[in-house]
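Hello,

I am handing over the structure you will be working with. Please open it first, then read the notes below it.

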Amino acid sequence: MWFWLSRVRAPSIAPIFVYYSVIGVTAFRGLWPEERPVMHDLEPSSLPSDFLIKYTELIQENGFIDPQLYQKYNVKRGLRNADSTGVLVGLTRIGHVHGYIIDENEKVCVEGKQYYRGIDVNALVAGSQAEQRPGFEECAYLLLFGRLPTAKELGEWSDVLTKFSCLPDAAKDAITRFPGHDVMNSLARAVLYKYNLDPDPNAMALSEVLRQCIELIAVFPTIAVYSYQTQQHAFHGKPLYIRDPEQGKSTAENFLLMLREDGKYSPLEAELLDLALVLHAEHGGGNNSAFTTHVVTSAFTDTYSAITAAILSLKGYRHGGANLRVMNQMDVLKKKVSNWGDENEVAEYLRKILRKEEGDGTGLIYGLGHAVYTLSDPRSVLLREKARELAISKGREDEFKLYEMIDRLGPQIFNETRDKKRPLCSNVDFYSGFVYDMLNIPLELYTPLFAISRVVGWSAHRIEELINGGPIVRPAFKAVGNRSAYVPLPERKV
């Protein structure tokens with residue numbers, strides 16, 4: 001099945017940044033802080049503040065829609081039904097999530113399940129862990145090609161991903177010359193540059209789209225790590241460490257290898273990061289970034305534009321950035337709760353968050369609750385068990401127990417003052433930030449790490465949309481503004 005890969009040359013990934021060689025990028029150099037000045041924040045907007053205040057008020061006045069109108073016209077805001085279930089807008093064979101059943105129009109809560117191509121993710125994880133091997137490469141093969149690989153196919157696939165993850169010195173040098181303040185933006189920019197260097201970037205033939213997707217899946221970890229290292233070097237004056245991924249290592253192992261100054265990691269660290277990659281690779285197709293991929297692909301845009309759109313969707317703190325909000329809230333809680341083992345003190349602080357007396361004023365305990373899962377999020381359950389092992393090995397067991405306490409107490413406290421009780425469970429974001437922190441992964445890479453995994457799901461959804469050839473996605477919006485007559489310019493008055 002790999003005959004077509006012979007036309008995919010290693011340099012076809014590398015030129016993501018080689019474009020800049022035409023304007024003077026030379027061999028790999030300039031890696032140390034004494035050779036490069038520290039860059040400072042961009043200058044603030046030059047627009048006058050009074051101008052912005054005036055027109056901000058104007059757009060608020062003319063943009064407001066009475067919330068009651070959404071009910072009047074039965075608008076499914078956020079593509080959600082009145083009971084918060086998702087509006088059915090498509091079919092997929094890629095992934096499925098299960099958190100409740102509808103019994104005679106009544107929503108019945110059940111333990112959460114997650115499936116990749118019909119296979120329970122719990123079984124997928126158990127299989128790789130029982131054989132003491134990484135699981136992400138197998139997971140990526142399953143999601144992309146629709147079935148589990150044989151041992152030979154898995155070996156070939158893993159080799160392909162590693163081979164096409166490497167960047168030559170010239171490309172590394174180019175990355176160092178174009179630092180970005182946000183790694184997700186740098187990742188999106190790199191994907192768009194790749195369009196300019198593809199010999200057939202607008203190709204819609206499945207073989208070409210598959211080639212493009214595989215190249216992107218392979219190179220995402222390298223670009224993300226190099227972009228982070230460049231950011232830290234350019235804006236914070238830190239030494240720039242660039243290390244190539246190594247053949248024979250898993251995606252998780254190479255990520256830690258490239259990220260860390262000494263390139264070292266423990267088997268448990270690699271295993272836990274690999275688990276996180278497996279759990280984030282796909283989520284039922286109904287998530288914001290996967291849906292974005294379907295929407296943009298339905299317009300018949302190119303692969304690079306579709307994946308870039310998904311990256312920028314994931315960047316939002318309501319989506320891929322959610323675990324950062326958990327970490328920020330937990331950092332404050334750990335400072336304000338003097339005794340982490342005192343349930344009463346922890347519970348009272350959670351009540352203050354819900355009363356908007358603490359936290360960011362939203363009244364939300366971040367990491368609790370999910371649009372689909374009710375009694376449990378299987379990703380949270382799997383991550384929690386492995387997180388316990390790492391916490392013990394890192395001497396952070398007390399901190400892990402605090403997370404477990406909030407996981408247990410949070411739903412109870414949330415429902416204390418509510419007449420209608422709502423099932424609530426921790427979601428994957430609750431533990432993932434803590435896991436990344438224990439792995440010494442910087443905050444700037446939390447969401448890019450999500451993208452490194454989820455690009456597999458995006459690729460599968462793009463291909464599925466193209467195979468099934470649906471119409472362009474075009475939802476309807478009801479116009480509720482008042483009609484008005486055109487007024488000639490000399491007659492206009494404010």
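**What is in the model**

Of the 494 residues in the protein, 47% are buried. Please keep in mind that this is a predicted model. Its secondary structure comes to 18 helices and three strands. Take the contacts with a separation of 6 or more: residues 24 or more positions apart account for 74% of them.

**Two helices side by side**

Start with helix H8, residues 206–236, and helix H18, residues 446–468. Their axes come within 9 Å. They cross at roughly 175 degrees. An angle over 145 degrees counts as roughly antiparallel, so H8 is roughly antiparallel to H18.

Which residues of H8 meet H18? They are Leu206, Val209, Leu210, Cys213, Ile217, Phe220, Pro221 and Ala224. On the H18 side, the residues include Pro448, Ala451, Ile452, Trp458, Arg462 and Ile467. The residues of this contact divide into 17 nonpolar, one polar and one charged.

**Helix H11**

The buried residues of helix H11 (residues 288–298) pack against H18 and against helix H12 (303–315). Those buried residues are Ser289, Ala290, Thr292, Thr293, His294, Thr297 and Ser298. After H11 comes Phe300, with a positive phi near 65 degrees.

**The second largest pocket**

H8 turns up again here. The second largest pocket has a volume of about 310 Å³. Its lining counts 23 residues. Nearest its centre lie Glu137, Thr162, Lys249, Ser250 and Thr251. Which helices each supply at least two residues of the lining? They are helix H4 (136–145), helix H5 (151–163), H8 and helix H9 (251–259). By type, the lining divides into 10 nonpolar, eight polar and five charged residues.

**Two residues to look up**

Asp407 is found in helix H16, residues 397–414. Is Asp407 buried or exposed? Its relative accessibility is 12%. Buried means under 20%, so Asp407 counts as buried. Leaving aside neighbours within four places in sequence, Asp407 is in contact with Arg384, Ser426, Phe430 and Tyr431.

Val337 sits in the loop between helix H13 (322–336) and helix H14 (343–354). At 2% relative accessibility, Val337 counts as buried too. With neighbours within four places in sequence left aside, Val337 is in contact with Glu345, Val346 and Tyr349. Val337 and Glu348 are 11 residues apart along the chain, and their C-alpha atoms are separated by 9.5 Å.

**Positive phi in a loop**

Most residues other than glycine have a negative phi. Two exceptions are worth a look. Asn74 has a positive phi, near 55 degrees. Leu79 also has a positive phi, near 55 degrees. Where are they? Asn74 is in the loop between helix H2 (67–72) and strand S1 (95–103). Leu79 lies in the loop between H2 and S1 as well. How much of each is accessible? Asn74 is exposed, with a relative accessible area of 54%. Leu79 is partly exposed, at 35%.

Best wishes

Key. Residues are numbered from 1 along each chain as its sequence is written. This is a predicted model: local features need pLDDT of at least 70, side-chain atom pairs count only at pLDDT 80 or more; totals for chains, interfaces and linings use all residues. Side-chain values use heavy atoms; hydrogens and water are left out. Axes are lines fitted to C-alpha atoms, for helices over the stretch in contact, and angles run from 0 to 180 degrees between N-to-C directions. Helices (H or I, at least four residues) and strands (E, at least two) are DSSP runs, numbered from the N terminus. Angles under 35 degrees count as roughly parallel, over 145 as roughly antiparallel, 65 to 115 as roughly perpendicular and the rest as oblique. Contact means heavy atoms within 4.5 Å. Ala, Val, Leu, Ile, Met, Phe, Trp, Tyr, Cys and Pro count as nonpolar, Asp, Glu, Lys and Arg as charged, and the others, Gly among them, as polar. On a 1 Å grid over the protein atoms alone, a cavity is a set of points where a 1.4 Å probe fits but cannot get out, and a pocket is an open set with protein on both sides within 12 Å along at least five of seven lines; lining residues have an atom within 4 Å of a point. Grid points are joined across faces, edges and corners, and a volume is the space filled by probe spheres set on the points. Buried means under 20% relative accessible area, exposed over 50%, partly exposed in between (1.4 Å probe, protein chains only).
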